Amino acid sequence: QEYESMAQKPYILKKKNILLTGLPRFDYRKDESEKKILISFTWRQNLSGCKKEDFVKSDYYRAYNSIFNDERIKEASEKYGYKIVFKLHPEMNSFMSSFNVPDWVEIADAGYTELINKCKMLVTDYSSLAFDFSYMGKNVINYMFDYDSFWNSTLFRAKGYYDYENGLGICAKTHDEFVNVLIKCMENDCTPGQDQKEKIKDFFAYTDRNNCKRVYEAVCGILK
């Protein structure tokens, strides 16, 4: 599916130059999982430069604020021994004064590589971080709190081949649905279900950490 997608518009690639190698960055993923759950959402371009009074009216603000203030998440994380870790988009820095971040939530300073390696599960919306976690056999929740408006907005590209609603992660679209899924995951030590494991197995062509080698050899072959 990815191959066929890249061989069509809007890409201008020739099929002979589209090679199945695996992403080089996956070679640097090491499972050093601790009992941490990473939450990281992609930014919304329409919020860039907006005033704080407008930001607090957005679905984006409500999604964050609802998580920060949900006692069910706090109680479950304490019960099952998980730390909730947020990695914020840089654009969020100017809006953090709008939130009252509880002490059971950690705002991460660490880089993405460290967080991917050390966190046992990911909560995101549409971030490609989900593929890194899935590649490592880790659990993912796709909490898509603004699914319809996100894809219908002219600010965002059209849907690609990947089906987020039936993808590698567990889909949730409302806050309560997300909380229920999150707690259930913690109850099961954040381990992917059998259905997810099968999807992950079928999705990735290579899991041998030799992607860099394949890319190098492919480039050398083209340049000959």
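Val219 is partly exposed, with a relative accessible area of 40%. Keep in mind that this is a predicted model. Val219 sits in helix 10, which covers residues 211-223. Together with Leu19, Ile222 and Leu223, Val219 makes a nonpolar surface patch of about 380 Å².

Thr42 counts as partly exposed too, because its relative accessibility of 22% falls between the 20% limit for buried and the 50% limit for exposed. Here are the two residues side by side:

| Residue | Relative accessible area | Place |

What does Thr42 touch, once residues up to four places away in sequence are set aside? The list is Tyr60, Asp125, Tyr126 and Ser127. As for Asp54, it lies 12 residues from Thr42 along the chain, and their C-alpha atoms are separated by 18 Å.

Now for some helix packing. Two packed helices are described by the angle between their axes and the distance between the axes. For helix 4 (residues 71-80) and helix 8 (residues 175-187), the angle is about 5 degrees and the axes are 10 Å apart. That makes helix 4 roughly parallel to helix 8, since angles under 35 degrees get that label. On the helix 4 side, the contacts come from Arg72, Ile73, Ala76, Ser77 and Tyr80. Helix 8 meets them with His175, Asp176, Phe178, Val179, Leu182, Ile183, Met186 and Glu187.

Definitions and conventions. Residues numbered from 1 in each chain as written. Predicted model: local features only at pLDDT ≥ 70, side-chain atom pairs only at ≥ 80, totals over all residues. Heavy atoms only, no water. Patch = residues over 30% accessible without salt bridge, like charges linked within 9 Å, V, L, I, M, F, W, Y side chains within 5 Å. Areas by Shrake-Rupley, 256 points an atom, 1.4 Å probe, with all protein chains shown as cover. Salt bridge = Lys/Arg side-chain N within 4 Å of Asp/Glu carboxyl O. Helix = DSSP H or I, 4+ residues; strand = E, 2+ residues; numbered from the N terminus. Buried < 20%, exposed > 50% of the residue type's maximum accessible area, 1.4 Å probe, protein only. Axes fitted to C-alpha atoms, helices over the stretch in contact; angles between N-to-C directions. Parallel < 35°, antiparallel > 145°, perpendicular 65-115°, else oblique. Contact = heavy atoms within 4.5 Å.
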